[in-house]
Amino acid sequence: MELSSDCPYLNENLLDIKANINYRNWDWLDINTGMEGTGKSSLDLYKCGIIDDNFNPNKQIIYSQKQFSNQIDLLDKGQALYVDEGVEWLFNRNWSTPESRETVADLMVMREKNLFVCVNITNKIGRA
């Protein structure tokens, strides 16, 4: 799978991340921001497909903190997970809620399993 020549180092960098996840015990939290309709989802699906040879969009795309908690336990070491519109649960400023404490615990599991997690965050600046 190749992306256009406009991004000559993207594949090389993704393969480097994949090698470090698999052989050097890395995990990777990838934040992708931009306006609505600018291709964030397509780019994240591409990245997840490069990192995880068995990436299954039906099982590895999630939309909420609860789905994240449920799915992260089912993944194997080195797999990818794609979080669409993750700003609400990832950057919730009320860290005393049970959901926020669970997110922190889930991120520790992410590290233990050397997961690649892509999070989409829509940039609302400039919208009416």
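Modeller: Before we start, a helix's expected span is 1.5 Å times one less than its number of residues. Helices (H or I, at least four residues) and strands (E, at least two) are DSSP runs numbered from the N terminus. This is a predicted model, where local features need pLDDT of at least 70 and side-chain atom pairs count only at pLDDT 80 or more, while totals for chains, interfaces and linings use all residues. Residues are numbered from 1 along each chain as its sequence is written, and side-chain values use heavy atoms, with hydrogens and water left out.

Colleague: In what order do the elements of the chain run from the N terminus on?

Modeller: There are 6 helices and 4 strands in the chain. Reading from the N terminus, the order is α-β-α-α-β-α-β-α-α-β.

Colleague: How far does helix 2 reach from its first C-alpha to its last?

Modeller: Helix 2 covers residues 40-51, 12 residues in total. At 1.5 Å a residue you'd expect 16 Å, and the model comes close to that, with a reach of 17 Å.

Colleague: Which elements do the buried residues of helix 2 pack against?

Modeller: Buried means under 20% relative accessible area, exposed over 50%, and partly exposed in between (1.4 Å probe, protein chains only). In helix 2 the buried set is K40, D44, Y46, K47, C48, I50 and I51. They pack against helix 1 (10-23), strand 1 (28-34), strand 3 and strand 4 (116-122).

Colleague: Is Q71 buried or exposed?

Modeller: Q71 is in helix 4 (residues 65-72). Leaving out residues up to four places away in sequence, Q71 touches K59, Q60, I62 and L81 (contact means heavy atoms within 4.5 Å). Because its relative accessibility is 14%, Q71 counts as buried.

Colleague: Which residue's side chain does a polar contact of 2.8 Å join to that of E85?

Modeller: E85 is in the loop between strand 3 (80-83) and helix 5 (87-90), and is partly exposed at 40% relative accessible area. Not counting residues up to four places away in sequence, E85 touches N120 and T122. A polar contact is a pair of N or O atoms within 3.5 Å; within protein, one must be able to donate a hydrogen and the other to accept it, and residues adjacent in sequence count only if both atoms are side-chain atoms. At 2.8 Å, the side-chain partner of E85 is T122.
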